[in-house]
Amino acid sequence: MARDPGLEELLREELGDRPELSEKSMFGGRAFLLNGNLLCGARSDGMLIRLGKGNDDWALALPGVIRMLMGERVMHGWLRASAEAYGDDALRRRLLDAALAYVESLPGK
């Protein structure tokens, strides 16, 4: 899976300068971690978003948003947003805000 430098930069801009935010190459793309917990990611096949199990039904109803698969395994609580979805500024912000709210509730690593 190839990286998407444009999406990576977009996520950096959206997430801002948070001292607890870090980046790491993972899943064939670039992962963004908050307090050591995976938050979101950028890959050539879309933006990965972590909303947590049971918190993602609303997002799955949106066009261009599907559950993330790791091989054939469904990753509950993780979504992949296509360019159609993350290209919409308001929708991207809504997804990232929901991911931040969930990940901020987790204990740091």
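I take two strands as paired if DSSP finds at least two bridges between them. Helices (H or I, at least four residues) and strands (E, at least two) are DSSP runs, numbered from the N terminus.

I am working on a predicted model, where local features need pLDDT of at least 70, side-chain atom pairs count only at pLDDT 80 or more, and totals for chains, interfaces and linings use all residues. Residues are numbered from 1 along each chain as its sequence is written, and side-chain values use heavy atoms, with hydrogens and water left out.

**Sheet.** I looked up the bridge partner of Arg 67 and found Leu 79 in β6. Strands β5 and β6 run antiparallel and are joined by six bridges. I then traced the whole sheet. It is open, has six strands in the order β1-β2-β3-β4-β6-β5, and pairs antiparallel. β1 and β5 (65–70) are the edge strands; each has a single partner, so one side of each has no neighbour in the sheet. On average, neighbouring strands are turned by 35° against each other, direction ignored.

**Arg 80.** Buried or exposed? I get 19% relative accessibility, so Arg 80 counts as buried. My classes are buried under 20% relative accessible area, exposed over 50%, and partly exposed in between (1.4 Å probe, protein chains only). Arg 80 sits in strand β6 (residues 73–81). Its side chain makes a polar contact of 3.2 Å with that of Asp 45. For that term I use a pair of N or O atoms within 3.5 Å; within protein, one must be able to donate a hydrogen and the other to accept it, and residues adjacent in sequence count only if both atoms are side-chain atoms.

**Helices.** Which residues of α1 meet α4? Leu 10, Leu 11, Glu 14 and Leu 15 in α1 meet Arg 92, Arg 93, Leu 96 and Leu 100 in α4. Contact here means heavy atoms within 4.5 Å. The axes of α1 (residues 5–15) and α4 (residues 89–104) come within 11 Å and cross at roughly 65°. I take axes as lines fitted to C-alpha atoms, for helices over the stretch in contact, with angles from 0 to 180 degrees between N-to-C directions. Against the sheet, α1 lies across β1, β2, β3 and β4 (46–50), at about 140° to β3. Helix α4 lies across β2, β3, β4 and β6, at about 35° to β4.

**Loops.** I checked phi last. Most residues other than glycine have a negative phi. Phe 27 has a positive phi, near 55°, in the loop between β1 (21–26) and β2 (29–34). Asn 35 is also positive, at about 55°, in the loop between β2 and β3 (37–43).
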